[in-house]
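Biologist: I am new to this structure and would like to learn how to read its features. Could we take them one at a time?

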Amino acid sequence: MEWLENVLIEDKEIDNERLELTDKGSLYFLGPNLTLSHCTVVLKVSSKRLHILAGSRFVDCTFEVKQELNNHDWSRAFLVGCRFIGRLSGCDFGHRYPQTPGREHGGIEACDFSEARLDGCRVHGCDTRTLKFPRWPCFTFLDPIERAPELRSVKWPERFGSVVIEELHTHPPSTRALTYHAPSVAKRLGTTEAQLRAVIEKFDCIVY
């Protein structure tokens, strides 16, 4: 049986510090009632070792993701003016609804993902005009649920069309943007970056 040390960072305000969350033998809890301002947070643990709790706020922080972070839910945290560097897959950010306990204070604004590699990541309940998304080979659907009929009106590479485009309506109603990494999603769904881009270029609701 694996024994893990709980590392609790809660009930405080921290300014201009570097936090390294890299110990594989630890469980990290950020929050509740935590505010980090102008901090650098280094992440090198899996999502099951990282718990960002309700009432946590990150202001003008930089997140350096040294190990790909998969399926992590950031939607209990409020993020403003933050920068993300590294690989993130299947992550959620922002004010997500329908709400579950802890998500009511989540949010995102003025954050910069331009140095991140996002794949299957969503942002919720925000003004996406305040965000910087990564450019090609990443691409981002803006308002994917609202624009789903338009996106379905053209022919996409077959499996990408059936797995991604035809299922846009199944995302939470709060979804404001959905980002993929073209090489990764092309490999998973048996297509190519060139085939994807040929269709992506037809739409003004896709950032690439």
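Predicted model: local features only at pLDDT ≥ 70, side-chain atom pairs only at ≥ 80, totals over all residues.

Biologist: Next, the charged side chains. How many salt bridges does the count come to?

Modeller: A pair is counted when a side-chain nitrogen of Lys or Arg is within 4 Å of a carboxyl oxygen of Asp or Glu. By that rule there are 15 salt bridges.

Biologist: Which strands hold Glu68 and Arg87?

Modeller: Glu68 is in strand β9 (residues 62-70) and Arg87 is in strand β11 (residues 83-89). Their side chains meet in a salt bridge, 3.5 Å from N to O. The two residues are 19 apart, and the pair links distant parts of the chain. Arg87 is partly exposed, with a relative accessible area of 40%.

Biologist: Is Glu68 buried or partly exposed?

Modeller: Buried means under 20% relative accessible area. Glu68 has 21%, so Glu68 counts as partly exposed. Glu68 also forms a salt bridge with Arg117, at 3.3 Å from N to O. Arg117 lies in strand β14 (residues 112-119) and Glu68 in β9, so this pair ties together parts that are 49 residues apart in sequence. Arg117 is partly exposed as well, with a relative accessible area of 21%.

Biologist: How far apart are the closest N and O atoms of Arg147 and Glu150?

Modeller: They are 2.8 Å apart, and the two residues form a salt bridge. Arg147 is partly exposed at 23% relative accessible area, and Glu150 is partly exposed at 32%. Elsewhere, salt bridges that share partners join Arg18, Glu20, Glu64 and Lys66 into one network.

Biologist: Now the backbone. Where are cis peptide bonds found?

Modeller: The angle to read is omega. A cis peptide bond joins Gly31 and Pro32, with omega about 5°. Pro32 lies in the loop between β4 (26-30) and β5 (34-37). Another cis peptide bond joins Trp136 and Pro137, where omega is about 20°. Pro137 is in the loop between β15 (121-124) and β16 (138-142).

Biologist: What is phi for Asn16?

Modeller: Phi of Asn16 is near 55°, a positive value in a residue other than glycine. Asn16 lies in the loop between β2 (12-15) and β3 (18-21). With a relative accessible area of 59%, Asn16 is exposed, because exposed means over 50%.

Biologist: And where is His38 found?

Modeller: His38 is in the loop between β5 and β6 (40-43). Phi of His38 is near 55°, again a positive value in a residue other than glycine. His38 is partly exposed, with a relative accessible area of 44%.

Note on methods
Residues numbered from 1 in each chain as written. Heavy atoms only, no water. Helix = DSSP H or I, 4+ residues; strand = E, 2+ residues; numbered from the N terminus. Buried < 20%, exposed > 50% of the residue type's maximum accessible area, 1.4 Å probe, protein only.
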